[in-house]
Structures are given as structure tokens and as C-alpha cells.
Amino acid sequence: MSSPPTLYQYYTRDGISSGLKTTPNEFLLNNKPITLFSGALHYFRVHPDHWRDRLRKIRAANLNCVETYFCWNLHNPEPELFDFGSGGSDFEAFLNIEEFVRVAQEEDLLVIARPGPYICAEWDFGGVPAWLLRDPEVKIRTSDKKYMMHVEKYFGKLFGILARYQFTKGGPIIAFQIENEYGNVKEDGKPIDKEYLELLKGLCWKNNIVELLFTSDTPSNGNAGSLPDVLYTANFQEDPEKELELLKRFQPDKPLMVMEYWTGWFDHWTEKHHTRTNEAFSDVFERILKYPSSVNMYMFHGGTNWGFLNGANLKDSTTDNGSYQPDTSSYDYDAPLDEAGDYTNKYHSVREIVKKYTKIQLKTPEIPKLTERIAYDEITITKEIILNDLLKTLQPNKSKNLIPMENLPINNNSGQKYGYIVYRIENLDIFPNSILKIEGHVCDTILVLIDGELKSKIPTSNKDLDDFGFWRMGNPTLNLGDFHGKNAILDLIVENMGRVNYGKLGQFNQYKGLWQGSAYLNDVKLENWQIFPLEFKTKWTNSLVGWSKANLNENGPKLYKAILDVKSEPKDTYIDMRNWVRATTGLLLTRSFSKEWEK
């Protein structure tokens, strides 16, 4: 007996005459019926060395498709800089989208592309570049001409690559999404900007996108974010019959597709890890397929928010950062493949359920072995650089008033996007029980130092986030204690913990640092600041010199150095931070690592 054909053998063996099409009750791919069994994986959240492993695991689960967003902020880190794998940015290695879609096709998977320009995704600023904030006239996620000018330039570069990999051109991409859950920006009594969606559709056509176009929203929230001639797909976690019935009412002449069936959920700092039982997940999953509907699982493999790239939420309709909820570095999502790429019970359930609803027998790979990993020996911290020496490596930006990091005249005048920002004033006379006041809300956390000594509190519980030093308190004040000195140096160290990625249009004022007002010492306005960006870019980090012997008994912000000498083939591992307490011994960057590749 001959072995079954691969996915591509079955759908293309007689040539390709058409891509993914819709009929009232089913999808057709190259004029053959197809049910889409898809899983979401974001290339920018998975190390490229693991792309093939994760994609093969998706195919081994009997899925025939992988879905991914494309992140504008990494591909276009400055207005005139684009990086698709060779642009020289810090995340260059993650950005070779041609390689990603090629590997997907090699692993016998189709691809659903979601190019944004806004992607949400629990990703910093929803994937929108932070440099857009430098122009207050730019109206993000609207038909505003200034905003669309930048979108058009980015789409020209992005689609110039992706268009070559469309299914009808011999590639794997079968569909493209327009924007992302745009219906969620609608506010009572206000019209939604349909012209914006039409402009995005036009840019797809202008850039030679010929495959199926679609939008996605939650049907029970309405259909405001849809277009009449574009497939509307559904996003939800519960009540599949209710959501799919509404979707069918909205478009009775189209087949059903769940673009986001939420397999789990993401986590905010201070929350317990969200989990969803395999029983609950599998029940809804099978009900979707039984309805019947095609489905994409969001997420199938979540991965990691590398560097400072996690997103955040606002838990209400405010715009002042007081209800801020930053996401964790982990994007495990309680998905079928966990953050490390390991199998869960959900994975095995998916494999069996999809097999039950698959009408065409196709060749699938065996389940790959788990990724090998190793526990290396403990390493010793040997060197350090204190904050003051770090700042000596930087040219200060001088400003009379406090300004957000995005407005600093750095990075080819595109501002600071990530990391920490230090606001310094020298030659202050400070008396006992002096009061420091900061107007507005901090974006997002702040450490206060006088002559290098920490004066603000280190949090030990969630309740501490209601006090000075964090985003929740408006117009916070701090008693500086019994310090008494002349010509003192005041440092305000602010951390950007991730820009909000979801909300109404008025909530995308995502500036970071101190920008909502002024700072006062005993009711006297502080002026003439030196401002230092601590971005921790790879080139700067690797160029640091002047390391001294580590003194772990001395408090204060500093960088520590420890060397792991890997003598054999490198393997995946973990860094155990359980005995570390955040910010008590310095600015601990557990989310950002540089690697000396030549070693």
C-alpha cells in the first residue's frame, strides 16, 4: 500500500489554479475542500534555532496550518530603518520572515499571515513603533494621513517579501488579515473608522496581495470591525455555538472560521499563572469542529516576550496609567506546547480530536523528541559596574523640563523605545524630611537615589504597588528621610515595563518615563535635568569596560557580571533567579541577554 500524500502533494499535484476561496459552507483550496486546522506561533517569540522544531510539532498534531502576526515595531525600529533578518538591529536573528515561511512550507504547513499594522498580541504597543509617539498629531489606528503614510511605507517593504510566498505563487501563505479586532475600538455614540480598514485593504491590493483577505473580532461584540466583501472570522474562548451562530448571521454566504480560539490566557505581573483545564479546552475545541467550523488555536505555542517587548493592559477606560497592568516575560499562555516547546495534555488531545474530524488522510510526521536541555553548574558573580560609572559611558540629554523617553533626540532622532531612563539633577541642597513630589503618574516604576543611596521603597507585596514608586498612585510624594546634605545628586530611575497593547483609541498615548507633569522638592519645581537612556542595546552592553570586583554587600543600582563557560555543544537551559529579590541589589535584567556568538 502506498503512503498517503503530503499536504502539498494533495493540494498542488495537478498544478495551482486558485488559492483559498469561500463557498457558503466550506473553504476550497485550489478547488479542493479543506478544513483549516491551525495553530498560532509567533516567529518573534521563538528563537529561530527552534522554528523548525516547533513547526514540526504543529504538523505532528495533525494541524495543516500555522498562523503568525508580523511585528511592525521590530521590523521598522526607526523611521528609515527596516530589518527583515539583515538590518543590523538587536533582534535581527528573529526577523528573517522569509526563512520562517520557507521552513513552514518545508514542514508541510500552510500559513495564515496577520500583518497588522496593529497586532495586539500582548506585545509592546500592539506592535506599533514607539517612534510614532514623537509626533502628537499622528492618530494611531485611524485613516489619519500621517499615520497611513508610515503604514504604507512599512507595508510596501513587508508585502514586497510576503507577496512572493503566496499560495498561488507556489508559497505557503493562504490568507491575510486586515488590522486586528478593530471592532473593539468602537465607543458608544461614535462611528468607527471604516475608511481606515478600506485603506488597509487597498494597500494589500496595491502590493500584489491576491490571497483571501479577512478580519477578526468577537461576534457577540458585533460586526463593526468587518467589511462587507471581506471574510469575518471569530475570536472567543467559550460559548462556541452562540458565537458561531452570530457569525453565520453576519455573513450567511461564507464558511465559518474561528481565527482565535483562546487555548489559555496571558499573565500580568503579580497575578498567578492562568491555566485552563484540558477538559474545558478540549470540550470547546471539539464543539467548534463539530459545528462545523475551521479553527486557529491562539496560542498553540506562546513562547517568550524577549527583552523589554512584553505588552500591557489598562483595566478600565482611564488614560493616565493608573490602571496599568504589565504583562510578564513569559508568554506560556497555558498553550498545547508550553513556553519551552514541551508537550502538554492539550497537545495530545488536539492530535486525537483533529484526527477524528479530518476527512482526508495525509502524511504527518512522528511526534518529535523533546528538545534536549542541560543544568549547568552554578556560576559566581565576579564583577560589577555601579550606576554612576554606567552613566559616564553615556552623553546626557539636557532638558529644562521632564520629557518622556520617546522624545529624546537619540537613535537617529527616533527616541528611546525600551529599558530604563535616568533623570538627574546635581548640586541640590536637601534638608531632613524633604518631600519629593511627582505630578501625574509614573510610567511605570521609579527608584529615587540621593548620592547613590536608595530612598524609595522596594516592594514586598502587591499592596506596595499602591504606594510611591509605582504607576497606581497619582501625584505621589516621598519623604526623603533624615538625609541632610549640600551639592547632592538626585537620580530618578524609571523603568518602562511595556506599553499597553489593547484599548480604545484614546488609550494609545503610551509615553514612558516622567512626562505627565513636573517634579518638586519641598514645593519648588525642579528644572534643568540631565537625562540618560539606559536601553541595554547589545553593542553598548558588550562595549562596557571598567568592571570592578563585585561587592554583594553594598546596596545600590549596578550591573553584575558572571561568566558561564560552555565547553561542549550548547544546549537549552534555565537561569534560576529564585533567590534574587527584584531591585534590592540593583537593576536586574532578567529579560535581556547578550551572547558572544564568536565564542
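Which residues in helix H4 are buried? Before answering, I note that this is a predicted model.

**Entry 1: H4**

I went through H4, residues 97-106, and found Ile 97, Phe 100, Val 101, Val 103 and Ala 104 buried. I then checked how they sit around the axis: they cover an arc of only 160°, which puts them on the same side of H4.

**Entry 2: H2**

Next I turned to H2, residues 51-60. Is H2 mostly covered or mostly open? Mostly covered, since I get 8 of its 10 residues as buried, taking under 20% relative accessible area as the cut-off. The buried set in H2 is Trp 51, Asp 53, Arg 54, Leu 55, Lys 57, Ile 58, Arg 59 and Ala 60. I wanted to know what these pack against, and the list comes out as helix H1 (7-12), strand S4 (37-41), strand S5 (65-69), H4, strand S11 (294-301) and helix H9 (345-357). Following H2, I found Asn 62 with a positive phi, near 75°.

**Entry 3: H2 against H4**

H4 is among the partners of the buried H2 residues, and I looked at that pair in detail. Two packed helices are described by the angle between their axes and the distance between the axes. Here the axes of H2 and H4 come within 9 Å and cross at roughly 40°. H2 and H4 are therefore oblique to each other, and I have their crossing down as right-handed.

Which residues meet in this contact? From H2 I listed Trp 51, Arg 52 and Leu 55, and from H4 Glu 99, Phe 100, Val 103, Ala 104 and Glu 106. I sorted the residues of this contact by type and got 5 nonpolar, no polar and 3 charged.

**Entry 4: Gly 513**

Last stop was Gly 513, in the loop between strand S21 (485-495) and strand S22 (519-521). Is Gly 513 buried or exposed? Buried, with a relative accessible area of 0%.

Conventions. Residues are numbered from 1 along each chain as its sequence is written. This is a predicted model: local features need pLDDT of at least 70, side-chain atom pairs count only at pLDDT 80 or more; totals for chains, interfaces and linings use all residues. Side-chain values use heavy atoms; hydrogens and water are left out. Buried means under 20% relative accessible area, exposed over 50%, partly exposed in between (1.4 Å probe, protein chains only). Helices (H or I, at least four residues) and strands (E, at least two) are DSSP runs, numbered from the N terminus. The arc is that of the directions from the helix axis to the C-beta atoms. Axes are lines fitted to C-alpha atoms, for helices over the stretch in contact, and angles run from 0 to 180 degrees between N-to-C directions. Angles under 35 degrees count as roughly parallel, over 145 as roughly antiparallel, 65 to 115 as roughly perpendicular and the rest as oblique. A crossing is left-handed if the near helix is turned anticlockwise from the far one by less than a right angle, and right-handed if clockwise. Contact means heavy atoms within 4.5 Å. Ala, Val, Leu, Ile, Met, Phe, Trp, Tyr, Cys and Pro count as nonpolar, Asp, Glu, Lys and Arg as charged, and the others, Gly among them, as polar.
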